[in-house]
Each structure stands twice: as structure tokens, then as C-alpha cells.
Amino acid sequence: MKHTPGPWFIDTTNSAAPFGICQDSENGWGIAEVKTFAPEGTDAGNARLIAAAPELLEACEKALHWHHGDKWRDGDSQQRAAWEFMRDRLQSTITKATGED
């Protein structure tokens with residue numbers, strides 16, 4: 001599944017959607033709007049998290065790639081368990097974001 005490439009940013013210039021997530025500052029291509037249905041005071045934080053999504057996905061993909069080639073697999077059982085947890089969490093996050101297994 002493809003998504004609109006980043007970086008995304010928060011557009012606060014539209015009073016109808018005070019936390020709009022956009023991809024292109026010139027054209028203002030909209031990605032999402034954070035509505036005020038969330039608990040009070042969380043709109044800006046939710047908008048920042050959504051706007052960071054492309055960079056977060058890229059970081060997860062790079063970290064997972066790095067983990068595939070690391071030496072932690074040869075460590076003790078606690079190190080292996082930590083590596084396996086991180087690998088599984090990264091993979092599930094990437095799958096959730098991309099819709100691909």
C-alpha cells in the first residue's frame with residue numbers, strides 16, 4: 001500500500017480545520033484533519049503524531065533492516081529476548097502502517 005510521501009506538516013492557517021495535516025506547503029495538499037472529538041488538549045499532540053507518520057515509518061523500516069544484520073542474536077537469553085521483542089514490535093508497526101505482511 002502506498003501513502004502520500006512525507007514530510008507532512010501541520011497547517012494551522014485554516015480556521016475550519018485548525019489542525020490540518022498537509023503534504024505540500026505550496027499547494028496545501030491535505031492528508032488529514034484532527035477534529036476536536038479527542039479529549040480536550042490532545043488535538044495538537046495528535047496532529048504532531050500524525051504529521052510525523054512518514055518519518056516514523058521510515059525509522060521503523062531502517063531499524064528493522066539494521067536489526068536483521070546485527071550481532072545481538074549471539075548474546076545471552078535476555079539480549080535475544082529484547083532483540084526479538086523489538087523485531088516483532090517494529091514488524092507489527094510497519095505492517096499496521098503499510099497494510100502489508
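Predicted model: local features only at pLDDT ≥ 70, side-chain atom pairs only at ≥ 80, totals over all residues.
1. Which residues of α3 are buried? They are W83, L90, I94 and T98. These four cover an arc of only 50 degrees around the axis, so they sit on the same side of α3. On the other side, S77, Q78 and K96 are exposed. Buried here means under 20% relative accessible area, and exposed means over 50%.

2. Just after α3 comes G99. Its phi is positive, at about 75 degrees.

3. Now the overall layout. The protein chain holds three helices and three strands. Read from the N terminus, the order is β-β-β-α-α-α. The chain has 101 residues, and 23% of them count as buried. Take the contacts between residues at least 6 apart in sequence: 36% of these join residues at least 24 apart.

4. Next, the largest pocket. How much space lies in it? The value is about 290 Å³. Its lining is made of H3, W8, A53, P54, L56, L57, C60, T93, I94 and A97. Two helices, α2 (53-68) and α3 (77-98), each supply at least two of the lining residues. The most comes from α2, which gives five.

5. What classes of residue make up that lining? Eight are nonpolar and two are polar. No charged residue takes part. Note I94 in particular: this residue lines the largest pocket and is also among the buried residues of α3.

6. Look at the start of the chain too. A cis peptide bond joins G6 and P7, with omega about 0 degrees. P7 belongs to the segment before β1 (9-11).

7. Finally, F19. This residue lies in the loop between β1 and β2 (20-22). Leaving aside residues up to four places away in sequence, F19 touches I10, D11, A32, E33, V34, D43, A44 and A47. One of these, I10, falls within the range of β1 (9-11). K35 is 16 residues from F19 along the chain, yet their C-alpha atoms are separated by 7.5 Å.

How values were computed: Residues numbered from 1 in each chain as written. Heavy atoms only, no water. 1 Å grid on protein atoms, 1.4 Å probe; cavity = no way out; pocket = protein on both sides within 12 Å on 5 of 7 lines; lining within 4 Å. Points joined across faces, edges and corners; volume = space filled by probe spheres on them. Nonpolar A, V, L, I, M, F, W, Y, C, P; charged D, E, K, R; others polar. Buried < 20%, exposed > 50% of the residue type's maximum accessible area, 1.4 Å probe, protein only. Arc of directions from axis to C-beta. Contact = heavy atoms within 4.5 Å.
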